Amino acid sequence: MRLRFLFRLVLRLVLSTLLSVAEGRGQAVTAVDPSGTWLTEDGRARVRLERCGAAPERICGYIVWMKEMADAKGQPFRDRLNPDPTRRSRALLGHQILLGLKPGPDGRYAGEVYNAEDGKTYGVSVWRDSAGQLAVKGCLLGLFCATQSWTQTRDAAIGQLLGVTGDTAGPVADPEWAVPRQPAATAAKARTR
């Protein structure tokens with residue numbers, strides 16, 4: 001059984017390396033904006049991808065709907081495994097999972113994804129497979145990778161966050177990706193000009 005597992009692991013690594021080399025031989029492609037709302041492959045969540053507030057050249061992603069939003073006691077699921085103790089009480093619904101993905105010359109956006117199931121951050125790249133399909137490739141240590149196919153949604157599910165990021169009815173950006181807030185005096189001065 002161990003030999004079979006080891007064989008599969010080695011085979012996956014070889015195939016992954018070959019695919020990476022083959023992809024690198026093509027010409028540079030302009031990244032196609034992945035903005036929109038996407039249903040994850042397992043159907044457990046919808047993730048909204050949009051331009052990051054503090055860095056509009058990048059893409060950020062937020063959980064805007066979850067199939068199961070609360071535990072057996074009716075309490076919202078929390079980010080209890082986050083390595084930052086100040087974030088452990090935040091609800092999973094509405095929190096940021098894709099962290100500032102940069103467009104690349106290969107037509108993909110790459111950066112980091114936060115996994116609340118283990119409290120860790122991993123490398124990720126996303127690209128449109130077709131008009132309504134998004135490929136999401138997550139990697140551990142850059143070697144062990146898996147790709148999912150997410151489907152674009154255009155309807156609103158019951159309980160889905162529809163508000164603008166940062167508003168009470170919308171998802172919440174991590175501070176480093178949020179739109180910088182102006183002090184009240186500066187904002188009032190800007191309005192009077």
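This is a predicted model: local features need pLDDT of at least 70, side-chain atom pairs count only at pLDDT 80 or more; totals for chains, interfaces and linings use all residues.
Figure 1. Buried here means under 20% relative accessible area, exposed means over 50%, and partly exposed is in between (1.4 Å probe, protein chains only). Strand 2 covers residues 45–51; helices (H or I, at least four residues) and strands (E, at least two) are DSSP runs, numbered from the N terminus. Before you zoom in further, a word on conventions: residues are numbered from 1 along each chain as its sequence is written, and side-chain values use heavy atoms, with hydrogens and water left out. Local features need pLDDT of at least 70 and side-chain atom pairs count only at pLDDT 80 or more, while totals for chains, interfaces and linings use all residues.

Figure 2. Two strands pair if DSSP finds at least two bridges between them. Follow Trp38 across to strand 2 and you reach its bridge partner, Val47. The hairpin leaves 5 residues between the two strands, and Gly43 in the turn has a positive phi of about 75°.

**Figure 3. Close-up of Thr37.** Thr37 sits in strand 1. With 13% relative accessibility, Thr37 counts as buried. Leaving aside residues up to four places away in sequence, Thr37 touches Arg46, Val47, Arg48, Val64, Thr151, Gln152, Thr153 and Gln160; contact means heavy atoms within 4.5 Å.

Figure 4. How many residues of strand 3 are buried? The count is 8 of the 8, so strand 3 is largely enclosed by the rest of the structure. Strand 2 and strand 3 pair in the antiparallel sense over 7 bridges. Two of the partners to look for in strand 3 are Cys60, which is bridged to Glu50, and Tyr62, which is bridged to Arg48. Strand 3 also pairs with strand 4 in the antiparallel sense, over 3 bridges, and here the partner of Tyr62 is Gln96. As a reminder for reading such views, side chains in a regular strand alternate between the two faces of the sheet.

**Figure 5. Ala54 in the loop between strand 2 and strand 3.** Ala54 belongs to the loop that links these strands. Its relative accessible area is 37%, so Ala54 is partly exposed. Which residues does Ala54 touch, not counting residues up to four places away in sequence? They are Glu176, Trp177, Ala178, Val179 and Pro180. Ala54 and Glu176 are 122 residues apart in sequence, yet 7.4 Å apart in space, C-alpha to C-alpha.

**Figure 6. Val124 and its contacts.** Val124 lies in strand 6, and at 6% relative accessibility Val124 counts as buried. Beyond residues up to four places away in sequence, Val124 touches Leu98, Leu101, Tyr109, Ala110, Gly111, Glu112, Val113, Val136, Lys137 and Gly138. Between Val124 and Gly138 the C-alpha to C-alpha distance is 4.3 Å, with 14 residues of separation in sequence.

**Figure 7. The largest pocket and its lining.** The volume of the largest pocket is about 1,100 Å³. Of the 34 residues lining the largest pocket, Asp42, Arg44, Asn115, Ala116 and Glu117 are the closest to its centre. On a 1 Å grid over the protein atoms alone, a pocket is an open set of points where a 1.4 Å probe fits, with protein on both sides within 12 Å along at least five of seven lines, and lining residues have an atom within 4 Å of a point. Grid points are joined across faces, edges and corners, and the volume is the space filled by probe spheres set on the points. Strand 7 (133–140) is among the strands that each supply at least two lining residues, and the largest share, 5 residues, comes from strand 7. By class, the lining has 21 nonpolar, 5 polar and 8 charged residues. Nonpolar covers Ala, Val, Leu, Ile, Met, Phe, Trp, Tyr, Cys and Pro, charged covers Asp, Glu, Lys and Arg, and the others, Gly among them, are polar.

**Figure 8. The whole chain and its confidence.** The chain has 2 helices and 8 strands, in the order α-β-β-β-β-β-β-β-β-α from the N terminus on. The chain averages a pLDDT of 82, and 77% of the residues score at least 70; pLDDT is the predictor's confidence in each residue, from 0 to 100. Over residues 1–29, pLDDT stays under 50.
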